[in-house]
Amino acid sequence: MTDKDSLSITDNRTGKVYDLPITNGTIRAAELRQIKVHEDDFGMMAYDPAYKNTASCKSKITLIDGANGILRYRGYPIEELAEKASFLEVAYLLWYGELPTQSQLDEYVHHITYHTMVHENVREFMDAFRYDAHPMGILVGTLGALSTFYPEAKNVLDPKSREIQMIRTIAKTPTIAAFAYRHRRGLPYIYPDNDLSYAGNFLSMLFKMTEAKYTPNPVIEKALDVLFILHADHEQNCSTSAMRSVGSSRVDPYSATAAAAAALYGPLHGGANEAVVRMLQEIGDVKRIPEYVQKAKNGEFRLMGFGHRVYKNYDPRAKVIKGLAYQVFEETGKNPLIDIAVELEKIALDDEYFVSRKLYPNVDFYSGLIYQSMGLPMDIFPVLFAIGRMPGWMAQWEEMTNDEEQAIARPRQIYLGYGERHYTPIAERG
Ligand code: SDX
């Protein structure tokens, strides 16, 4: 009697029938290996370029329901966390799995606050970058360099070591980000101000000039905190998959975050918020939107900030960010590009090409406009994404390290190259 929670596969090459158990709506790819024609065959594999339909892990951290535009961190809807929680409260939630009590949060914030400084050698190392080095290149290099300052981070099987590295990565990423921004501007580095909030301190390290003490604009400070929350985690996206894959070799977490940040650097991932602003600047006028929409439909270019591998509905983060933008503009003055963005969204969402492909604005469509209105240069936008995503990378790495089913990541391939052939002396090649 075949268990109903199974898949019966008939191999038409042999007529054999295989019953594969279904668990959590999936079959184990390893179960396919029993499907063979000859006993000494390697056995069947699944082919899934870019892992578009492959679950690489079991996770309890984040759920995305792409069809319904739902995003939850540890079960809490992103809209509620954005409205009611602080970023460090969410960072705590992602790592420990529960919202903190007041005393737990106070202790956590204290630890983060008192780990924001970096070794002076880090500052000197960052000084060695060219004056015009892209901040993401600086971040990737500096995160990797942190592994040389905390050699005990190699003890990845020690929970206490993993916890202190989590504190350090979340605490120090804004410092590195701000130093990279100041390096570009030829400005002296501003050291952390422990009297300020996480977002307030970041604004101080970015913008403090000759005043004795920087006072963040509370609206901008809150908006930045919410933006970090919205970016904190997102299941097995490209950069988190890099974090897990590189981390699976049991390298220290700083080296793994450098790999994750490198993945985020790509224009199809974290680089999209910068690309959106450049796209809107190129469009330049609402009257030119139809021309660009047609180019996108012709496949001549992609509407940056549109589309998503998982969301086939409106990205819930984009909704929150769109509302946040108008709050920020009250303080900074309206970013003229918002009118082009809103009109572009309206036209695209009425167009069959985008509707049929379920292409909606994603998290990057409006976030860049807020950062630009805060006076930040475009090339630092993906660095802000990395600050927000750091707790997610670390929480996913922690979960992978504790998962007894996980091992070093080592996918298979379909070999379509030459059969055996032998070396030809160079004189005989033609
Ligand atoms: C992030 O994974 C995550 O969770 C990522 C992220 C996170 O929080 O970590 O959400 C952050 O990376 C958001 C995405 C930011 N990137 C962009 O905005 C860049 C523009 N968008 C895309 O390039 C694209 O939509 C992706 C990369 C985001 C998703 O690509 P998919 O799912 O692989 O879709 P696809 O490339 O297979 O496209 C499907 C169809 C194609 O058309 P056809 O071949 O079927 O004719 O849709 C078209 C694509 O040409 N298409 C677009 C489009 N995105 C897809 N056409 C125009 N403009 C676009 N933006």
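Predicted model: local features only at pLDDT ≥ 70, side-chain atom pairs only at ≥ 80, totals over all residues.
Start at the ligand. It is surrounded by 22 residues, and the closest are His 234, Arg 302, His 308, Arg 317 and Arg 389. Sorted by class, this shell holds eight nonpolar, seven polar and seven charged residues. Several arginine side chains can be followed to oxygen atoms of the ligand. In the side chain of Arg 317, an N or O atom is 2.6 Å from a ligand oxygen. For Arg 389, a polar side-chain atom lies 2.8 Å from an oxygen atom of the ligand. For Arg 357, the distance between an N or O atom of the side chain and a ligand oxygen is 3.1 Å. On its own the ligand has 1,100 Å² of accessible area, and the protein covers 77% of that.

Next come the salt bridges. Side chains of opposite charge can pair when their charged atoms come close. In this model the count comes to 22 salt bridges. A salt bridge joins Glu 405 and Arg 28, whose closest N and O atoms are 2.0 Å apart. Glu 405 is in the segment after α17 (381-402), while Arg 28 is in the loop between β2 and β3, so this pair ties together parts that are 377 residues apart in sequence. How accessible are these two residues? Glu 405 is partly exposed because its relative accessibility is 45%, a value between the limits of 20% and 50%. Arg 28, at 46% relative accessibility, also counts as partly exposed. The pair belongs to a network of salt bridges that links Arg 28, Lys 58 and Glu 405.

Another salt bridge is formed by Arg 184 and Asp 379, with the closest N and O atoms 2.3 Å apart. Here too the pair links distant parts of the chain: Arg 184 is in helix α6 (residues 159-185), and Asp 379 is in the loop between α16 (364-373) and α17, 195 residues apart. Asp 379 counts as buried at 10% relative accessibility, because buried means under 20%.

A further salt bridge brings together the side chains of Asp 193 and Lys 213, at 2.6 Å from N to O. Asp 193 sits in the loop between α6 and α7 (198-207) and Lys 213 in the loop between α7 and α8 (218-230), so the parts tied together are 20 residues apart in sequence. Asp 193 is buried, with a relative accessible area of 14%, whereas Lys 213 is partly exposed, with 41%.

Now turn to the surface. Which residues form a nonpolar patch there? They are Phe 42, Met 45, Tyr 47, Ile 414 and Leu 416, and together they have about 580 Å² of accessible area. One of them, Met 45, is found in the loop between β2 (16-21) and β3 (62-65). Met 45 counts as partly exposed because its relative accessibility is 32%.

The last stop is Asn 335, in the loop between α13 (316-332) and α14 (337-349). Asn 335 is buried, with a relative accessible area of 6%. What does its side chain reach? The side chain of Asn 335 reaches the backbone nitrogen of Leu 337, at 2.9 Å.

Key: Residues numbered from 1 in each chain as written. Heavy atoms only, no water. Near = heavy atom within 4 Å. Polar contact = N/O pair within 3.5 Å; in protein donor to acceptor, adjacent residues only side chain to side chain. Areas by Shrake-Rupley, 256 points an atom, 1.4 Å probe, with all protein chains shown as cover. Nonpolar A, V, L, I, M, F, W, Y, C, P; charged D, E, K, R; others polar. Patch = residues over 30% accessible without salt bridge, like charges linked within 9 Å, V, L, I, M, F, W, Y side chains within 5 Å. Salt bridge = Lys/Arg side-chain N within 4 Å of Asp/Glu carboxyl O. Helix = DSSP H or I, 4+ residues; strand = E, 2+ residues; numbered from the N terminus. Buried < 20%, exposed > 50% of the residue type's maximum accessible area, 1.4 Å probe, protein only.
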